[in-house]
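Colleague: I have some questions about the labels used for this model. Please set each value against its rule and then conclude.

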Amino acid sequence: MGSRGWVAWAFMAPVLLVMALIVFYPMAIGVFQTFTNIDNLNQGTRFRPPSWEFVGLQNYIDILTGKDTKFYPVLAWTVVWTVVNVFFHYTLGLLLALTLNQRFRGRTSYRMLLLLPWAVPAYITAIAWLFIFNGEYGLLNNVLGAFGMPRVAWLSTFPWYYIMPIIVNVWLGIPFMMVALLGGLQSIPGDLYEAAQMDGASRTQSFWNITLPQLRSVSSTVILLGCIWTFNIFVVIYFITGGGPGGKTDILVTYTYNGFTLGQYAIAATYGVIIFSLLLVFSAVYRRVARES
Amino acid sequence: MKMSRRHLALTHVILIIFAIWSVFPVFWTLVTSFKPESQIFSTQIKVIDQPTLQNYIDLLTRGDFVQWAINSLFVSLVTTVFAVFLAATCAYAISRFRFRGRSASLYLFLVAQMFPAVILLIPLFAIFTNLKLIDTPWALVLSYATFAIPFCILMLKGFFDTIPYELEEAGRVDGLGPFGTFWRIVIPLSVPGLAVTAFFAFITAWNEFLFARSFLTSEEAFTLPVGMATFIDPFNQPWGLLTAGSVLITIPVMIFFFVAQRFLISGMTTGGVKG
């Protein structure tokens with residue numbers, strides 16, 4: 001229906017107009033700010049004219065060459081955070097999907113219970129875990145105390161301040177993987193397994209030679225989504241550790257947010273553009289690799 | 001495959017362990033919300049001793065919780081109507097027409113789902129400051145539309161794809177133009193899809209924290225997530241209020257989620273997710 005292109009564009013026009021105003025225009029301003037040194041002091045007010053200047057690529061140079069000493073440490077932890085989380089989301093999600101993809105009584109009830117974390121707002125989840133982790137009267141320490149073990153200040157003791165937010169985020173992310181992979185498993189034709197069974201293949205062999213290869217397209221989609229989602233998740237770190245102690249658990253998005261709240265607009269905007277570029281490059285490379293293999 | 005007894009037992013063990021792990025934080029929040037303060041701030045482990053509604057009464061009668069709920073409701077409703085209304089025609093075009101720029105637009109909406117909110121946060125803050133929208137619900141409606149619109153487009157495209165094209169042909173034979181076909185035939189057939197999409201757009205707005213935290217400054221204007229965050233104070237944490245609030249906020253979301261989750265999963269794997 002190429003000849004009726006104008007109809008299509010007439011249908012698209014309202015959205016494109018609104019998106020231009022609330023996404024593309026702000027994005028352009030954001031990119032523009034990265035070439036300046038704008039902050040909350042020089043941005044200008046009613047009483048004082050703006051006094052920021054163009055600095056060219058200086059913000060990018062400072063960040064990428066490591067002159068801004070926080071960037072690489074924060075990036076490193078963000079990558080670790082993403083990889084560890086997605087690894088557990090995927091493996092545990094797959095384990096549960098395989099377990100649920102069998103015929104037995106109570107399956108639906110288990111599925112409902114296992115979906116529960118997805119139904120809870122992420123910040124409410126964080127609040128719930130924060131209470132369990134509380135150093136003075138949290139359940140975790142009360143249990144340790146009951147066994148006569150020492151209490152731990154979970155959110156300020158190494159390595160727990162790294163582990164605790166991961167536990168929370170793993171809890172949050174499993175249901176999505178489980179359900180998506182369960183859908184993938186259910187679309188694998190049953191005769192593949194029957195044929196394998198007749199050839200004398202064991203359960204383990206079927207898993208490696210049929211299940212995993214058949215799941216490849218679903219897996220590559222959910223892993224990509226999982227990575228982007230985990231990389232960008234704000235509330236878990238913000239609520240659980242607040243980036244602490246001493247900024248050690250900040251991931252890129254929370255660190256950028258801190259820059260914004262401190263009024264360092266140009267630097268924070270530059271971080272934003274770098275995060276976005278990293279994600280774009282990552283997903284482009286990922287898609288290519290996934291398609292080729 | 002028939003399961004052996006040992007295999008069946010293993011299946012149940014795995015599922016029970018994970019079910020407990022999934023339910024526990026929710027269960028513990030629920031239980032805590034009915035405890036008196038003396039038990040919440042105790043180092044003893046007790047499931048529940050003297051249940052009380054005091055936390056709920058305090059939450060609803062003292063402080064701004066009810067106001068925050070009204071604000072959240074308003075912002076989420078307006079965002080949803082705005083986003084679904086705009087997204088519907090666009091999703092229809094992408095679903096039905098093959099035109100130049102179609103796949104580019106589709107890709108654009110996928111990418112729009114991908115970028116972290118912090119990128120838009122800074123320029124939007126500058127724009128809203130100039131327009132004097134800071135501390136108003138409109139700042140939230142506009143910023144939520146940035147992710148609600150692409151989300152709704154991708155979800156609705158999936159629904160429109162499932163409507164048989166022959167029905168529209170029939171409409172065309174009866175003399176309807178493209179817009180008439182859309183309003184008279186496609187929209188009535190997509191009511192379930194529109195409803196599900198609207199509900200999910202609503203929930204996303206209902207749960208949003210980052211924009212709300214950044215664009216709202218006065219306590220009466222807060223939405224629920226920002227309001228709840230103000231309770232988390234390092235020196236005085238009112239866990240009774242926090243858990244009671246958590247329960248009240250989660251119940252409606254949870255009921256809806258279990259009704260509609262089937263539809264979300266297909267929409268999300270084709271679309272994308274916003275963290």
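Modeller: Start with B:G101, which counts as partly exposed with 13 C-beta neighbours inside 10 Å. Bear in mind that this is a predicted model.

Colleague: Why is B:G101 called partly exposed?

Modeller: The cut-offs are 20 or more for buried and 12 or fewer for exposed. B:G101 has 13 such neighbours, so the label is partly exposed. B:G101 sits in the loop between helix 4 and helix 5 of chain B. Its C-alpha atom is 33 Å from that of B:N207, and 106 residues separate the two along the chain.

Colleague: What makes B:I163 buried, exposed or partly exposed?

Modeller: Its count is 17 other C-beta atoms within 10 Å. Buried needs 20 or more, and exposed needs 12 or fewer. The count of 17 falls in between, so B:I163 is partly exposed.

Colleague: Where does B:I163 lie, and which residues does B:I163 touch?

Modeller: B:I163 is in the loop between helix 7 and helix 8 (165-173) of chain B. Leaving out residues up to four places away in sequence, B:I163 touches B:V186, B:L189 and B:S190. Take B:L189: it is 26 residues from B:I163 along the chain, with 7.7 Å between the C-alpha atoms.

Colleague: Now chain A. How do you know whether chain A is spread out or a compact globule?

Modeller: First, the make-up: chain A has 13 helices and zero strands. The globule rule gives 19 Å for 293 residues. The radius of gyration of chain A is 24 Å, well over that value, so chain A is more spread out than a compact globule. Its C-alpha trace spans about 80 × 75 × 35 Å along the principal axes. Buried residues are 39% of the 293 in chain A.

Colleague: How confident is the predictor about chain A?

Modeller: The average pLDDT of chain A is 89, and 98% of the residues score at least 70. Helix 3 (residues 71-100) of chain A has the highest confidence, at 95. Helix 6 (residues 139-146) of chain A has the lowest, at a mean of 86.

Colleague: What is the secondary structure of chain B?

Modeller: Chain B comes to 13 helices and zero strands. Buried residues make up 45% of its 275 residues. The C-alpha trace of chain B spans about 75 × 70 × 30 Å along its principal axes. Of the contacts in chain B between residues at least 6 apart in sequence, 77% join residues at least 24 apart.

Colleague: Which residues make up the domains of chain B, and how many residues touch across them?

Modeller: Domain 1 of chain B covers 5-54, and domain 2 covers 63-270. Six residues of domain 1 of chain B contact six residues of domain 2 of chain B. On the domain 1 side, helix 1 of chain B gives the most, with four residues. That side divides into two nonpolar, three polar and one charged. The C-alpha centres of the two domains lie 33 Å apart.

Colleague: How many residues from each chain take part in the contact between chain A and chain B?

Modeller: Chain B supplies 68 residues and chain A supplies 70. On the chain B side, helix 1 of chain B has the largest share, 13 residues. By class, that side has 49 nonpolar, 17 polar and two charged residues.

Colleague: Which residues have the most contacts inside the core?

Modeller: They are A:A126, B:A87 and B:C152. A:A126 touches A:V168, A:V235, A:V236, A:F239 and A:I240, not counting residues up to four places away in sequence.

Terms used:
Residues numbered from 1 in each chain as written. Chains lettered and ligands numbered in written order. Predicted model: local features only at pLDDT ≥ 70, side-chain atom pairs only at ≥ 80, totals over all residues. pLDDT = per-residue confidence, 0-100. Helix = DSSP H or I, 4+ residues; strand = E, 2+ residues; numbered from the N terminus. Contact = placed C-beta atoms within 7 Å. Nonpolar A, V, L, I, M, F, W, Y, C, P; charged D, E, K, R; others polar. Domains from an automatic or database assignment. Core = buried A, V, L, I, M, F, W, Y, C linked by C-beta atoms within 7 Å. Rg over C-alpha atoms; globule rule 2.2 N^0.38 Å.
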